[in-house]
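Hello,

Here is the structure I promised to pass on. Please open it first, then read the notes below.

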Amino acid sequence: MSRQHKSSTLASALASAVLLGSLAAGCTGNIDQGSASAPGSSGVGGSGTSPGGPGAGGAGMSACVGSTRLAQRIRPLNSAQYGNTIRAVFPDAGQLRSPFEVSDRSAEFSTNANLRRFDFDTSLGIMTNGQTVAEASLAQIKASFACLAQSADSNCSSELVKTLGRSLYRAPLSADQATKLSNLFEAGNKLAGPDAAIKLVVRALLSSPLFLFHRELGQPSAESGSANLTAHEIANAISFAVTNAPPDALLSQAADAGELSTPAKIREHALRLLGGERGLTGLQAFMTEFFRTRDFVKNDKDKTLFPLFDSETRSQALADFADTIAGVLRSSEPTLASLLTTRKFVVRPRTAALLGWSDLQNLSPDGSTVEASEQGRAGILTHPVFLANFAHANETNPVARGHFVTSNVLCVDIPPPPQAVKFPERTNANDGSPRTLRQVLQSEHSMGTCAGCHQFMDPVGYPFEVFDAVGKLRSTDNGLPIDASGSISGAGEIDGPVASAQEMLGKIAGSARAQDCFAERVYKYVAGVDASPTLECSTSSLKSRFREQQGNVLELVVGLLQSPEFLAREVVP
């Protein structure tokens, strides 16, 4: 057997054993058991609704029973965090598979601690990526550890495993961890040489639960049954929430020095990262999932009706969407209200052509910030990406648009529809005269059991009917004038009629209801939880602070990371 073949066989066999053992170890850890809710279920609690039915009025939980803290747990990286962590250590990692892409979509947010499944395909993807990274990054590693080419002594290999392990595990290795990895290197080196040993260690590191999972176990505190997150667990929470990537050098150094024990230090580093080049990456990842836009580039339309809505236009529009959000968050008023009412949009040439904005000249391919001149175009929910995403291939979908705003922006609980339900076909009136889509839906959804839910969704979606299936402004539908009036129901303080989308979004933007709902969604994303009996109590203080800060989104994230509800964990027996 050749040395090269022995190297490949050894690496494959040992890495497979390491992976299977690692995954087994990960599955026996303290996985979060705080929520048994079905994926996608909506937490309503004290938001003014109760589980009794759609929009049912209620005072929420009158008192918090038991602990409002998150439980000790380990939870998996999502696909983006997995890839970002690898590339932070191995910039030349090569083309990676996304082993978690399917399970990322099995809950409201990809960060949910309960959603990950380690099936055969996931394991195969992790192993394949390990091999790809090991091969692609070998030269980089050898350049960083020149001593390996000289003698591959134990001091050199020990430094290798400690350095790579520290970066990939996001915490210093324990003596036992370092010894096991060093022994693995020595075994590979003895049989097949240093190159094979390096690749073996890389594959072992990338299949370890210490790499694949966030650890939120903490250390016992003075309070019985409570554990405080460690400095490195806090550093990871800050970095992944803000940049969607592992801690940078300054944050890692602060964790190593034990400098993250006070809210002031946590705030200092969170604000430092937020002000940096990658500072909004985490928030933009949240917004992508919150607004359900991650698959927008695959959203096709009827090419006869919308010939300009091609893949390149979709890519530019999606970049405009992200840049418009970033523009709000980088402004002097990075608030939820600004996000829902801004008239400043980042626009690229193909997006402008799609919307018929022919008066805009010399737009940059990288996006230009413009003031919307159209009456009624205000806020991120009037952006073509949102409007086209919640529309059919050949016409609008006021039900989907209204459902998103009602359930996700206002946290009004709407039960899922029956499985057999179909969107009504556009038909003429009994006398043969044409009808608008609104008229068709009103005739279909006002009868029987349909009315119970659609009375909350449809009237919120009708004001968006002035925007067609790709978000272009229009004044008629099927040759008839559009009625853009609507109403809000089930949201308490802002219930009532509205004359347009702009008026409706203005009412929503200034409401405590929307602020509370948004704060809850941010908490669920950053903390990695779904609906649970303690969600309302866990977020009560966070919501109050968010309202006091006039809905400042950046302060919301910083405040969450500083909060005792997040930093202290309930000990799991």
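Predicted model: local features only at pLDDT ≥ 70, side-chain atom pairs only at ≥ 80, totals over all residues.

Aromatic pairs

The count comes to 18 aromatic pairs. One of them joins F296 and F309. The geometry is edge-to-face, with 5.9 Å centre to centre and 85° between the planes. Both residues lie in the loop between α14 (281-290) and α15 (311-329), so the pair ties together parts that are 13 residues apart in sequence. Are the two residues buried or exposed? The cut-off for buried is under 20% relative accessible area. F296 has 1% relative accessibility, so F296 counts as buried. F309 is buried too, with a relative accessible area of 4%.

Next, look at F518 and F546. Their rings are stacked, at 6.1 Å centre to centre and 25° between the planes. Why does this pair tie together parts that are 28 residues apart in sequence? Because F518 lies in helix α23 (residues 512-527), while F546 lies in helix α24 (residues 535-548). F518 and F546 are both buried.

The cluster

F518 and F546 also belong to a cluster linked by ring pairs.

Charges over rings

The charged end of K301 sits over the ring of F309, 6.0 Å from its centre. Elsewhere, R569 lies over the face of F566. The distance to that ring centre is 4.9 Å.

Best wishes

How values were computed. Residues numbered from 1 in each chain as written. Heavy atoms only, no water. Phe/Tyr/Trp six-rings, centres within 6.5 Å; stacked < 30°, edge-to-face > 60°. Helix = DSSP H or I, 4+ residues; strand = E, 2+ residues; numbered from the N terminus. Buried < 20%, exposed > 50% of the residue type's maximum accessible area, 1.4 Å probe, protein only. Lys NZ or Arg CZ within 6 Å of the ring centre and 35° of its normal.
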